[in-house]
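This briefing is meant for a reader who is meeting the structure for the first time. Please view the sequence and the model together before reading on.

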Amino acid sequence: MAENRQDPENPPQGSPRTAPTDALAPTDGADGAGPTGPGPRRSAVRSLLRLWPYARAVRGRLAVSVTTATLGMLSTLAVPVVLGLIVDGPLAEHDLAGLWPLVGLLLLLGLVEAALFYTRRVVLARPLAGLETAMRGDLFAKLQRLPVSFHDRWGSGQLLSRATADMYTMRLFLAFPLVFLIVNSVMFLAGTVVMFTQDWRLALIALTPAVPLFVLTRRFESGYSGAARLAQDQNGDIATLVEESVLGIRILKAFGRHRSMAERFRAQTQQLRRTELHKAHLLANLWAVIVGLPEIALGCALAVGSYLVAHDELSAGTLVAFLSTALALRWPVESLGWLLAYANEAATATDRFFEVLDEPDTPEADTPAAGAPAPGAAAGPAARDGIRLTGVRFRYPDAPDGTPDLLAGIDLHIRSGETMALVGATGSGKTTLTALLPRLYEATGGTITLDGRDIRELPRQRLRELVAVAFEEPTLFSATVRENVLMGAPGAGEEQLRTALATAQAGFVEKLPQGPDTEVGEQGLSLSGGQRQRLALARAVVGDPAFLVLDDPLSALDVHTEALVERALREVLGATTALVVAHRPSTVLLADRVAVLADGRITAVGTHQELLRDCAHYRELMSGEATPVPDGPLLSKGGHA
């Protein structure tokens, strides 16, 4: 569709489509990096706190998990105390009988620790799986509510990665890192108290690295969060590329472009590899310091402790207990790097998840406005007024400032029961105009009424029950023929299904392995283009809609099938009010009147014969000599007119 909208390959700054490769965060208004480089981003803690409304449902299980894990860690701290008692007691006094109870106590502490950690895993696994399911359901429902313009701006792989990998990251954070950030903090504080009670001098030596480690982790967090965001966005880019390659495999093979696509894939994976290596480098630097500094401090504490024991200023049992306590604290300290890294990964995943949920929904009325009749239900002339467009204007949200509207004041009246053909040069905005009737896009000016009722006063669900659409590019889902066709009228029965298939001349369905219950495969690619178009047409007419919009519905059909479909369509069109986008005289002849779209306006309306006689532009369109709207900075390369 060469129309008045921004080139999708070069979207404006701030568009999510550019962010994954150029920046750390992809959305207008996000606190992440902008499209030209790193920018201010919210803290990881603030991002993770947004998960609380979901985590509230499992807060009891989380509390049990944290409690059991804390008790398990504290039982680990009890082991050094028992070891100290053994060294200063039975071993120092050569009391074998007194040794066995303390050894039994050590064994009991080990069993208690194992049981507590087992309980922690069991308690949390099932509810967190349910939490992930709820979040994924909310994301999918939001994607269904968001307007088409949102999906125009976002790559499908970016949305797919948010619904899969990011969900897993958030769930795993709640299951492990969150719990252990709390538990390890409690254990470190408890261990610090225990060490000070054993010997304050050795405790001060052992805790010397705490200050430099705090400074280092703050610096690490600021650098790692940006790298984590970039990696997740690059993963989304790769998912988009893989999806496009799979869906377009026939094109790639037909034009021999599989090698160039492989090069493109390799380039993107190399970008991701460099980002992941950068993350690994940051984490390795942190880990080296986190592991190295405490080991040096522990060595110093051992040397000082040995000196004190040698001068009878400290008992050997106390030194053993102190060293055992310090060693028990190695895991909480060494795990700090992994926990911080995963917390930043989860914070980034949370930001990406809420970027979609924070998108404003297009307002939808739930009930008709007071005093406004439903289409076809009111008395008087307005009840059968058909489709009326008055001063309708439209421009795409991503169109550059200062450019003219694509539709610059459409005035058109399709009488009730009439079929109107819409013709115009490629890029004139025909498809965009048809998308305004079911409110796939919102008109930026003017009004559209159905039987005298402004479509903005109708709930979208009701509007789309009244207006059925067959798009120029037929889209089928990975479902049966029956499910694809009845999507146009969920309550329709077998007889309506058969009638719709007959109208669309889709008799080939009966020859499929399971008839209407045959799976058509992803995108319906197991069928020919003409077969997909006929099923899309059947989907549009199956519910006997009050208003019908057909966007060049016969473009993929052979001449013989086209004639049969046209003959059957005449009966359907005679019972509805229809707007048909037409490019060929045979399709135009289905209509009672024809409207010519040019320069964003309806320039002529009349019968086919009248326009052939009076409208030079129409004659050019019908003879194939019309000049298409040229591509330019205002026009899209990727849509349809």
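The points below cover the sheets, the helices, and the cavity and pocket.

The model is predicted, so local features need pLDDT of at least 70 and side-chain atom pairs count only at pLDDT 80 or more, while totals for chains, interfaces and linings use all residues. Residues are numbered from 1 along each chain as its sequence is written, and side-chain values use heavy atoms, with hydrogens and water left out. Helices (H or I, at least four residues) and strands (E, at least two) are DSSP runs, numbered from the N terminus.

**The four-stranded sheet**

- An open sheet is formed by four strands in the order S2-S1-S4-S5, with antiparallel pairing; two strands pair if DSSP finds at least two bridges between them.
- Strand S2 (407-414) and strand S5 (453-454) are at the edges with a single partner strand each, so one side of each has no neighbour in the sheet.
- Strand S1 (residues 387-394) and strand S4 (residues 445-450) run antiparallel and are joined by five bridges.
- Opposite Ile387 stands Leu450 in S4.

**The six-stranded sheet**

- Six strands in the order S6-S7-S8-S3-S9-S10 make an open sheet with mixed pairing.
- Its edges are strand S6 (467-470) and strand S10 (601-606); each has a single partner strand, so one side of each is left without a neighbour in the sheet.
- On average, neighbouring strands of this sheet are turned by 20 degrees against each other, direction ignored.
- Strand S3 (residues 419-424) runs parallel to strand S9 (residues 593-598), and five bridges join them.
- Met420 is placed opposite Arg593 in S9.

- Helix H20 (residues 529-541) lies across S6 and strand S7 (547-551), at about 175 degrees to S6; axes are lines fitted to C-alpha atoms, for helices over the stretch in contact, and angles run from 0 to 180 degrees between N-to-C directions.
- Helix H24 (residues 616-623) lies across S3 and S9 and runs at about 95 degrees to S9.

**The H14 and H15 pair**

- The axes of helix H14 (residues 316-328) and helix H15 (residues 330-357) cross at roughly 25 degrees and come within 4 Å.
- H14 and H15 are therefore roughly parallel to each other, a label for angles under 35 degrees.
- Ala326, Leu327 and Ala328 in H14 meet Arg330, Trp331 and Pro332 in H15, where contact means heavy atoms within 4.5 Å.

**Cavity and pocket**

- One cavity of 30 Å³ or more is found in a search of the whole structure; on a 1 Å grid over the protein atoms alone, a cavity is a set of points where a 1.4 Å probe fits but cannot get out, a pocket is an open set with protein on both sides within 12 Å along at least five of seven lines, and lining residues have an atom within 4 Å of a point.
- The largest cavity holds about 80 Å³ of space, a volume being the space filled by probe spheres set on the points.
- S4 gives the most to the lining of the largest cavity, with three residues; the lining includes Gly446, Thr447 and Ile448.
- The second largest pocket has a volume of about 1100 Å³.
- Of the 47 residues lining the second largest pocket, Leu181, Ser185, Pro332, Leu336 and Leu340 are the closest to its centre.
- H9 gives the most to the lining of the second largest pocket, with ten residues.

Methods: Angles under 35 degrees count as roughly parallel, over 145 as roughly antiparallel, 65 to 115 as roughly perpendicular and the rest as oblique.
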